[in-house]
Amino acid sequence: MTRRLLALAAAALALAAGACGGQDGDATARPSRSTAQTTGFVPSLPAPHAVVWAVGDGADGSAQARALATRIAADRPDRLLYLGDVYESGTAQEFATRYRPIYGSLDALTAPTPGNHDWPLHAEGYDPYWRRVRDKDTPPYYSFLAGDWQLISLNSELPHEAGSPQLRWLQSVLRGPGTCRLAFWHRPRFSAGSHGDSPDMAPVWNALRGRATMVVSGHDHDMQRLAPVDGITQFVSGAGGASSYPIDRSDPRLAFGDASTKGALRLELTPGLARFAFITTAGATLDGGAVPCRR
């Protein structure tokens, strides 16, 4: 009987260990939305409601960027998705003198993804900055839970084609049922901005089809919401402070676009629904609505 009890205890420990893994780097399992995980690079949130802001291209040291960060902080968000780019080259000095003075007060809440300006020198700037914040090695991609949604940080600057480690990792964390997932990375798959679409991101987008409902990116210095493609709504939230980029308003996919002001995307994540709003530095709501998901 004693050996049987020991065996059952060992099995329970093994199951618990499995439930706590699988979020960062080369993870092989997706965490259950019913159990908050706190062992990943960005801690998961157990509450069924989460306020999440998303913005990129804002760490240029400008007064506009600082004002927007103040607006975001005043809302007391649960998480901030920083969508990449610390100008100009993502050096350690620029993280210290441009990013930290603007967004440093939100470091403990921030889930980052690297931009094209950051990645060439990521070993000098991006990686050590976030390693100091988290006291953990900085993974190139990872996932966590918030508001009963799975949020997935991907890296548009690393290989993501068929057979790549990143795509295999993504496929492994998409095995579970439902579509209550939000993926975020820097260069948008679809955009009516001056940078336009990123066709190289197609393998990632295709992997998300039927398994996610939102993708949030930066790169184009504006705010956009595109009509759903494959059941996924692409948001662009790159109006964080750097000089604005024009939007092609003749693009038939464009459901909302603004390049005249600075602002960010605010999300309220709840079981089965995400409410969204693009909010300016002055607090005006430019666009809003809701995206349902299947649990």
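In the predicted model, strands β11 (residues 263-270) and β12 (residues 273-280) pair in the antiparallel sense over eight bridges. At one point of this pairing, Thr-270 stands opposite Leu-273 in β12. Both strands belong to an open sheet of six strands, arranged in the order β3-β2-β1-β11-β12-β13, with mixed pairing. The edges of the sheet are formed by β3 (110-112) and β13 (285-292), each of which pairs on one side only. From one strand to the next, the twist averages 20 degrees. The protein chain as a whole contains six helices and 13 strands. Of its 295 residues, 55% count as buried. Among contacts between residues at least 6 apart in sequence, 68% join residues at least 24 apart.

The contact involves Ala-65, Arg-66, Leu-68, Ala-69 and Ile-72 on the α2 side, and Pro-101, Ile-102 and Tyr-103 on the α3 side. By class, seven residues of this contact are nonpolar, none is polar and one is charged. An α-helix has 3.6 residues a turn, so residues three or four places apart point the same way. The α2 side of the contact includes Ala-65, Leu-68, Ala-69 and Ile-72.

Helix α3 is also a packing partner of α4: the buried residues of α4 pack against α3 and β3. These buried residues are Tyr-126, Asp-127, Pro-128, Tyr-129, Trp-130 and Arg-134. Just after α4, Asp-135 takes a positive phi of about 60 degrees.

Rolling a probe the size of a water molecule over the atoms shows where empty space is left. The count comes to one cavity of 30 Å³ or more. About 30 Å³ of space lies in the largest cavity. Its lining consists of Tyr-82, Val-86, Phe-95, Tyr-99, Pro-112, Thr-113, Asp-118, Tyr-126 and Trp-130. At least two of the lining residues are supplied by each of α3 (92-103) and α4 (126-134). Seven of the lining residues are nonpolar, one is polar and one is charged. Two residues of this lining, Tyr-126 and Trp-130, are also among the buried residues of α4.

Elsewhere in the chain, helix α5 (residues 165-173) has Gln-166, Leu-167, Trp-169, Leu-170, Ser-172 and Val-173 buried.

The loop between α6 and β7 (214-217) contains Ala-212. Ala-212 counts as buried because its relative accessibility is 2%, under the 20% limit. Beyond residues up to four places away in sequence, Ala-212 touches Thr-179, Arg-181, Gly-231 and Ile-232. Ala-212 and Trp-149 are 63 residues apart in sequence, while the distance between their C-alpha atoms is 9.7 Å.

Several loop residues have backbone geometry of note. Most residues other than glycine have a negative phi, and most peptide bonds are trans. Arg-76, which is not a glycine, has a positive phi of about 55 degrees. Arg-76 is located in the loop between α2 and β2, and it counts as exposed because its relative accessibility is 72%, over the 50% limit. Asp-230, likewise not a glycine, has a positive phi of about 55 degrees. Its place is in the loop between β8 (223-226) and β9 (233-237). With a relative accessibility of 41%, Asp-230 counts as partly exposed. A cis peptide bond, with omega about 0 degrees, joins Tyr-87 and Glu-88. Glu-88 lies in the loop between β2 and α3.

Conventions. Residues are numbered from 1 along each chain as its sequence is written. This is a predicted model: local features need pLDDT of at least 70, side-chain atom pairs count only at pLDDT 80 or more; totals for chains, interfaces and linings use all residues. Side-chain values use heavy atoms; hydrogens and water are left out. On a 1 Å grid over the protein atoms alone, a cavity is a set of points where a 1.4 Å probe fits but cannot get out, and a pocket is an open set with protein on both sides within 12 Å along at least five of seven lines; lining residues have an atom within 4 Å of a point. Grid points are joined across faces, edges and corners, and a volume is the space filled by probe spheres set on the points. Helices (H or I, at least four residues) and strands (E, at least two) are DSSP runs, numbered from the N terminus. Ala, Val, Leu, Ile, Met, Phe, Trp, Tyr, Cys and Pro count as nonpolar, Asp, Glu, Lys and Arg as charged, and the others, Gly among them, as polar. Contact means heavy atoms within 4.5 Å. Buried means under 20% relative accessible area, exposed over 50%, partly exposed in between (1.4 Å probe, protein chains only). Two strands pair if DSSP finds at least two bridges between them. Axes are lines fitted to C-alpha atoms, for helices over the stretch in contact, and angles run from 0 to 180 degrees between N-to-C directions.
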